[in-house]
Amino acid sequence: MNEEHLDRSQNIDSDEIIKFSRLASSWWDLQGPFQPLHSMNLIRLEWIIKHTNGLFGKNILDVGCGGGILTESMAREGANVTGLDMSEELLHTARLHAMKNNIKVYYVKKTVEAYAAQFSGQYEVVTCMEMLEHVPDPYSIIYACAKLVKPSGSVFFSTLNRTKKSWLIAILGAEYIFKILPRGTHNIKKLIRPNELLEWIDTTHLCVYDMIGLCYNPLSNSCRLTSNVDVNYMVHAQYDINHKVL
């Protein structure tokens, strides 16, 4: 990745924004480039619901919402959902899809760091799924998410592990052999090992309660939870004011 494309003041990579913005029109195509994300979404949603005892009536922030797949599904559960993203094209797609389906979601173009400076401690639930591996400074995102959640509130992260297995399955297999993801979706150097993510979380008031893997089968287009976190994995943490920050 070229240094001139990094905007560290806003913690965004313009190459990443452009890459995903070009795919905005196919975001909701169930047979398109985001088919795996659609398949994963129900599993992710059920896992989030389980750890929050339901989403109805809760204020939720979806960080890096893209075209709104998870965002909309949480709104359908009766939550008050705000989606954050830095791609105007993706936010336009998300707004149109929500409008067509009569789903109330508030979409905002702003970095989570800037948003946290305004709305600290305002949300019962914060989600940040499949985003950390696409920014220059993932720790900055984690820190901002911790600021946004209320005491006892939940924060959910998902990302990919930096392993040979991830390279074989999520990059070589998914992007080049099966071609179920656009080439260049992931960069092995930017993937995050679980111990790295947990260490970053430990520097905030968040306490980790659960970590679980996600296994996607491209042949059946199905997804299941697994104890194996070698490729995709999710983490659930809660804000604990008494947690000793490292």
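1. N232 counts as buried, at 10% relative accessibility. The model is a predicted one. N232 sits in strand β10, residues 232–239. Setting aside neighbours within four places in sequence, N232 contacts M40, E130, T159, L160, I212, G213 and L214.

2. R44 is also a buried residue, with 3% relative accessibility. Helix α2, residues 35–52, holds R44. Residues up to four places away in sequence are not counted here: R44 touches L37, L70, M129, E130, S158, L214 and M234.

3. What does the UniProt record say about R44? An unreviewed UniProt entry places the feature "binding site" at R44, G64, D85 and M129.

4. Is G64 buried or partly exposed? G64 has 25% relative accessibility, so it counts as partly exposed. The residue lies in the loop between β3 (59–63) and α3 (69–76). Beyond four places in sequence, G64 is in contact with L84, D85, M129 and M131. D85 and M129 carry the "binding site" feature in the unreviewed UniProt entry, as does G64.

5. T127 is buried, at a relative accessible area of 0%. Its place is strand β6, residues 123–129. Neighbours within four places in sequence aside, T127 contacts I48, L61, D62, V63, L70, M74 and F156.

How values were computed. Residues numbered from 1 in each chain as written. Predicted model: local features only at pLDDT ≥ 70, side-chain atom pairs only at ≥ 80, totals over all residues. Heavy atoms only, no water. Helix = DSSP H or I, 4+ residues; strand = E, 2+ residues; numbered from the N terminus. Buried < 20%, exposed > 50% of the residue type's maximum accessible area, 1.4 Å probe, protein only. Contact = heavy atoms within 4.5 Å. UniProt positions renumbered as here; feature names shortened; annotations may be inferred.
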